[in-house]
Amino acid sequence: MIKLKLHTLLSHLHFINFDNINNLEIESIENDNRKVVKGSLFICIKGYTVDGHDFAEAAVQQGAVAVISEKPLSLSVPVIVVESTKRAMAVLSDAFYGQPSHKLHMIGITGTNGKTTTSHLIEKILSDANQQTGLIGTMYTKIGAKQLETKNTTPESLTLQKTFKQMVDAGVQSTVMEVSSHALVEGRVHGTDFNVAVFTNLTQDHLDYHHTMDEYKRAKSLLFSQLGNTYHLQKPKFAVLNVDDEASNMFIECTSAHVLTYGIDKEANLRATHIQITAQGTVFELVSPFGTHQVKMNLIGKFSVYNALASIAAALCSGVSIENAIASIAGIKGVAGRFELVDQGQDFTVIVDYAHTPDSLENVLKTIKEFAQNKISVVVGCGGDRDRTKRPIMAKVACEYSERPIFTSDNPRSEDPEKILKDMEAGVAGKRYEVFSDRKEAIYHAIETAESGDVILVAGKGHETYQLVGDNVFDFDDREIAKEAIARLKKY
Ligand SMILES: CC(=O)N[C@H]1[C@@H](OP(=O)(O)OP(=O)(O)OC[C@H]2O[C@@H](n3ccc(=O)[nH]c3=O)[C@H](O)[C@@H]2O)O[C@H](CO)[C@@H](O)[C@@H]1O[C@H](C)C(=O)N[C@@H](C)C(=O)N[C@H](CCC(=O)O)C(=O)O
Ligand SMILES: Nc1ncnc2c1ncn2[C@@H]1O[C@H](COP(=O)(O)OP(=O)(O)OP(=O)(O)O)[C@@H](O)[C@H]1O
Ligand SMILES: N[C@H](CCC[C@H](N)C(=O)O)C(=O)O
Ligand SMILES: [Mg+2]
């Protein structure tokens, strides 16, 4: 239990007048009035949906002893007015929890695709090297073996700093986390002291939020510019960059950290050559300052080679030898919902994958094309209330790389599923495709009509175990539905 004099805490905010708080002590920081307890400091956040300032009074009634606000509020407790409460929340959370990220070896991963996969690869390498690890990302937060649910890929600063503190208390030494572009723009990682920042790639997604690819690139660049501008021999900072993606040029410019590059097509510090991809796995030669090593892994496809290179580079920046990193990669079976096979003994292949961007869909389909012996079917939809401009492009990719594209729904959220499907269809006029707005029907149809040697890709939801329709959260797991459909064939 932390107890801190509010005066001491607020000294971390400079040029703020807080003479009116006397000897107050605070026992927690909250930005949601529903979590406030006696002794809390309540921070009002102006959100995209509601304004936290409107809940300040309720927070005080529940026991908040002081409030941080962006405007004067007439309350019975001290109100400290700051210019940006989001910024203040990052500063105060870091201070309240004792700057926990400084006590951890912090690895942050940004990029459009591959963050979850790469974070799991790095975590495996580090835990094989006997480091106590923590992980924060799309699927969950892990503190050692304990898993906690996450709402966002990268939580806001208060939750994040609290999580780091829990990690420190649990003996975690290294934390691997996905850093979304939203998080960088929203300042969710302000104050997080990263040691290693990894970039996977930049392709189209999230234009509903960032508007242009340039803005999106600028958002990603923040992870690299925020690494700092000092050199410490004992605590060096590293930027791990994919040279085959031109965005890396900008990131090299905006970071003063040591740069370690990786790539396939261009010259790099860590370069993969002689890549052989089969349905069972991938083999390549890794050329690095440590010599040439053969890497064998169960992960499939060129995109998996990039993820492996990024992970090995991050491991090198974390004190693991190249040999040990390669051995760990060899031991990885896969990451849930990423190119995950549904194998019930059927004579066709079913793959569930989280591809929900044009680039990831294209990569996965190209990889399948390399080993498919018969037709490729793809069941794919596009999320509602998310980047609409990617819908026709994803449909086009599906038609280009598969013989049997089947369009369906993927978390329509507040949108009309039929309207989302129309947006997809706008990209494929004159092409052959089928439409089943009910995702279960779409998967059943693909499986019922499969022939021997076919490959069916069920794309977009990966590890997800729900379908979001309106405000409802329905149980839905592509892997389970596919198993059900295969069982109904009564042959297996
Ligand atoms: C657009 C966006 O980033 N929204 C995030 C934001 O929500 P918001 O601004 O709508 O919050 P709000 O509901 O208006 O609430 C404002 C304030 O009032 C407070 N409040 C609210 C209600 C109440 O009764 N009492 C109260 O005190 C809230 O605690 C909050 O402090 O703050 C929430 C809490 O931190 C986030 O969960 C939420 O992410 C939503 C769910 C979301 O979908 N975000 C996406 C766009 C996102 O961030 N995605 C990225 C990338 C994913 C990837 O591709 O990997 C991610 O990192 O997840
Ligand atoms: N390096 C890569 N380049 C391109 N596509 C990739 C790469 N790695 C994985 N993919 C594809 O992208 C999908 C999502 O991968 P992953 O979950 O690792 O990415 P992510 O960046 O965490 O995504 P999100 O931002 O949605 O959490 C995978 O299922 C696969 O189809
Ligand atoms: N992290 C991704 C998840 C997309 C997954 C897909 N199933 C969808 O709902 O669009 C996003 O926020 O865009
Ligand atoms: Mg992710």
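Biologist: How far apart are the mean positions of the positive and negative charges in this protein?
Modeller: The 51 positive and 61 negative charges have mean positions 2 Å apart. Lys and Arg count as positive and Asp and Glu as negative, while His and the chain ends are not counted. Each charge is placed at NZ of Lys, CZ of Arg, CG of Asp or CD of Glu.

Biologist: What should I know about the model itself?
Modeller: This is a predicted model, in which local features need pLDDT of at least 70 and side-chain atom pairs count only at pLDDT 80 or more, while totals for chains, interfaces and linings use all residues. Residues are numbered from 1 along each chain as its sequence is written, chains are lettered from A and ligands numbered from 1 in the order in which they are written, and side-chain values use heavy atoms, leaving out hydrogens and water.

Biologist: Which residues coordinate the magnesium ion (ligand 4)?
Modeller: Thr116 (OG1), Thr138 (OG1) and Glu178 (OE) do, at 2.1 to 2.2 Å. Donors are N, O and S atoms within 2.8 Å of the metal (3.2 Å for Na, K and Ca); water is not among the atoms, so sites may look incomplete.

Biologist: And what spacing do the donors follow along the chain?
Modeller: The pattern is T-x21-T-x39-E.

Biologist: Is Thr116 buried or exposed?
Modeller: Thr116 counts as buried, because its relative accessibility is 6%. Buried means under 20% relative accessible area, exposed over 50%, and partly exposed in between (1.4 Å probe, protein chains only).

Biologist: Changing topic, what does the C-alpha trace span?
Modeller: Along the principal axes, the trace spans about 75 × 55 × 40 Å.
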